[in-house]
Amino acid sequence: MYALVTDIPEYKTFVPWCISSRILSTAKTRLPGDRLQTTLTGELGVGFQMFKETYVSTVRCVDKDYAVEAVASNSAVFKTLVNRWTFEGSAPTGTGGTDGAAAHVENACIIDFYVGFEFRHALYAQASALFLEQVSQMMVSSFEQRALVVYGRPSRRSLKL
């Protein structure tokens, strides 16, 4: 799932309202603990009916932490837009072993997704309030559907916490 989220050039093929996606630059930095941070500058184009915008994000991906943070800049619509993804290795099944520890499922993970934003204009904020929950669910669903295409059926049913 980490690889799917960091594959920004493919966003245009499955993320709702994303009409273009590309990487402008890439830099790699070795961090303590033999971790590799890849910093991408990505450009996304989004459009809905007559509204269209292109903005740039700085995306930091840390491989062994399985963490991704994207911070948008140069946006006419958003004053701030931040996305954070974290992935925890394998998902507990909920049935512990004899020692009381939770058993884990192969090829499964726990995903924590955060999005924070502030619109530049009150009109956008008022309009978004009408459909924010629906948009959020569509975004999550688009990544779930993409995972089905790329990885096949999940090893267990998805749970939303």
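Two strands are said to pair if DSSP finds at least two bridges between them. Helices (H or I, at least four residues) and strands (E, at least two) are DSSP runs, numbered from the N terminus. The model is a predicted one, in which local features need pLDDT of at least 70 and side-chain atom pairs count only at pLDDT 80 or more, while totals for chains, interfaces and linings use all residues. Residues are numbered from 1 along each chain as its sequence is written, and side-chain values use heavy atoms, with hydrogens and water left out.

**The whole protein.** Begin with a cartoon view, which shows three helices and eight strands. Traced from the N terminus, the elements follow the order α-α-β-β-β-β-β-β-β-β-α. Of the 161 residues, 29% are buried (under 20% relative accessible area, with exposed over 50% and partly exposed in between; 1.4 Å probe, protein chains only).

**The sheet.** Next, select the six strands of the open sheet, whose order is β1-β2-β3-β4-β5-β8 with antiparallel pairing. At its edges stand β1 (18-31) and β8 (110-119); each has a single partner strand, so one side of each is left without a neighbour in the sheet. From one strand to the next, the twist averages 15 degrees (axes are lines fitted to C-alpha atoms, for helices over the stretch in contact, and angles run from 0 to 180 degrees between N-to-C directions).

**Strand β4.** Now select residues 67-73. Which residues of β4 lie on its covered face? They are Val68, Ala70 and Ala72, whereas Ala67, Glu69, Val71 and Ser73 form the uncovered face. In a regular strand the side chains alternate between the two faces of the sheet.

**The partners of β4.** Show β3 (residues 51-62), which pairs with β4 in the antiparallel sense over seven bridges. Here serine 57 has alanine 72 as its bridge partner, and valine 56 stands opposite serine 73. Four residues lie between these strands in their hairpin, where tyrosine 66 takes a positive phi near 50 degrees. Finally, turn to β5 (residues 78-88), which runs antiparallel to β4 and is joined to it by five bridges. Alanine 67 stands opposite threonine 86 in β5. The hairpin of β4 and β5 also has four residues between the strands, and asparagine 74 takes a positive phi near 60 degrees there.
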